[in-house]
Amino acid sequence: MKRTSLLLLLTLFLLINSVSFAEVEADETQAPGAPAAANVPIALLYEESTGTVLFSRAPDRKNAPASMTKVMTAILVLEYDPELSGTTVVAPEAMSEENCYWLDVNHLEVGEEISVRDLMNYLLIASGNEAGTTLAMYVAGDIPTFIAMMNAKAQELGMENTFYQDPHGLSPMPQATTANDMLKLCLYAMKNETFREIVSTKEGVIPASNKRNQPFRYGNSNRVLRPKNNPRYDTGFTEDIIGIKTGYIGSAGYNLACCMVHGDLTFYSIVMQGKELEIDGATYYSHYLDTVELMQYARTFTRCGYEPGDVVMELTVNGDGTLPLTVKESVAMLVQEGAQAETVCDIAVEPQGDVTAGDAFGTLTLTDAFGNVRTAELVSMVDMEIRPTFVPEYLIGGAVVLVIAAVVCIVLLRKRARAKAQSQADMQAEV
C-alpha cells in the first residue's frame, strides 16, 4: 500500500515544479500527417533498422526518469550475472523509507531469500522498488557504489544528459534523463535476449519463501503491452508490443519507453511527463494514450531500399549487353505506404576493359519525407570484359577500299602532274 504522507509531499513537489506545455521547447520533427501526441510535452518515435526519427518533441529536455531507471539497474545486473543464477536476501536497506517509500500491497519482506531471476522479473514486470535496491546490493555490496556504476555506464553509452542517484527511480530531479538518452539505453538493453524476454512478459509470480507461505502474482505495468480489455490502450496489435518500461513519480509525471516489432521494422517510442485525463467520465493516462497513437502512426510506414545483390540498375555495354549494378552495403529508408523514397543514381565512371565484381561505378542516393539522405556505392555484380567500341567488318572493309582508292588517285594525280610538267619543259626546250 502506498505511504500517504510521502505521497502528499510528492504531490506538493509536483505543484511547485510543474512546467506548463507553453514552456516546452519548440523542438519538433514530424512529417505531414503525424499524430498530435498532444498530452505529453516530451515524445520521441524512432525506427531502429533505418535509424529514422519519425516524431520528436523536446527530445533533450531533462526529466526525472522515475521507474524507467530500472532499465539501467537491470542491465548492470545482467552484466554481473548474465545467467541470473544467483540468490540473495532482501536487506533492511531495501525496505527503508529512504530507498522504498512506495510499496505495493504485495511486496518482498526483509530477510526474504529469493533468486536473482525472480527479483529481475519483479523489477521489470511489476516495477518492484524493493527489488531495485536488493539487486543493487547484490551486484555492488552497497547503494553508493552501484549508483557510481550506473552513472559510469550512462557515460559509456553516450547518455550525456543523464544522472542517476538511486537504483529504482523514486528520486526527483536532479536525477534526470532525456528522451534521446532513454532511447540509447533502450537500444542497448533490448540487445540482451534475457532482458528482452522479461520486459515482454505480461505476468509473473513471486514464489513462497522463508518469509511467505503463499506466492503472489503480479502483472506488467505497461498497459500498452497488457491493455486488459481497455479499448483506449489497445493498439489492435498487442502481440507486436515487446516492452519495455513504465515510470511514475509525482515530479516526473507518467513516463513510458515502449518497443514494437512490425515485420522487419523495430520501433521505439519514449513519452515523458504524461498526465491523467478524464474522458467520458473515466480516468485515462496520457503516456499510454499517446504511445498508442505514436505506434499506430509508425505502422503506416514501410521499408524502402536495397540490399547487396539487388539489381539497382543496368548499364548498356558491348553494344547490346548489360552490366548489372548493386549496392556495396545495405541502404534503406522509411516511406509511408503508397509512397516512394526519392532515388538518384549518379554514374561517375564508365565501364571499360576488364570489370571485376565489386568495382565501383557511382553512387545511389535516397531521400525521405523527413529530409534524411542515405547513400551507397554502386558496384558491379559480375565479372565482365568490356570490349572497345565495336565496328562491323563490312565498314572496316569499305574503309580499306576507300583508303586504297585514295592512294591510287593521289599516285595517278602526281604522275599526271609530273608528265605535264615534263611536257611543258620539252616545249620550252624546243623553242
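This note reviews the aromatic rings of the structure above and the charges placed over them.

1. Basis. The model is predicted, so local features need pLDDT of at least 70 and side-chain atom pairs count only at pLDDT 80 or more, while totals for chains, interfaces and linings use all residues. Residues are numbered from 1 along each chain as its sequence is written, and side-chain values use heavy atoms, with hydrogens and water left out.

2. Aromatic pairs. The whole structure holds 9 aromatic pairs. Rings of Phe, Tyr and Trp (its six-membered ring) pair if their centres lie within 6.5 Å; planes under 30 degrees apart count as stacked, over 60 as edge-to-face and the rest as tilted.

3. Tyrosine 233 and tyrosine 284. The pair is edge-to-face because the ring centres are 6.0 Å apart and the planes stand at 85°. It joins the loop between strand 7 (216–219) and strand 8 (241–249) to strand 12 (residues 282–285), across 51 residues. Helices (H or I, at least four residues) and strands (E, at least two) are DSSP runs, numbered from the N terminus.

4. Burial. Tyrosine 233 is buried at 2% relative accessible area, and tyrosine 284 is buried at 14%. Buried means under 20%, exposed over 50%, partly exposed in between (1.4 Å probe, protein chains only).

5. Tyrosine 288. Its ring centre lies 5.0 Å from that of tyrosine 233, with planes at 65°, so this pair is edge-to-face. Tyrosine 288 belongs to helix 8 (residues 286–298), 55 residues from tyrosine 233, and is buried at 7%.

6. Charge over a ring. The charged end of arginine 232 sits over the ring of tyrosine 284, 5.2 Å from its centre (NZ of Lys or CZ of Arg within 6 Å of the ring centre and within 35 degrees of the ring normal).
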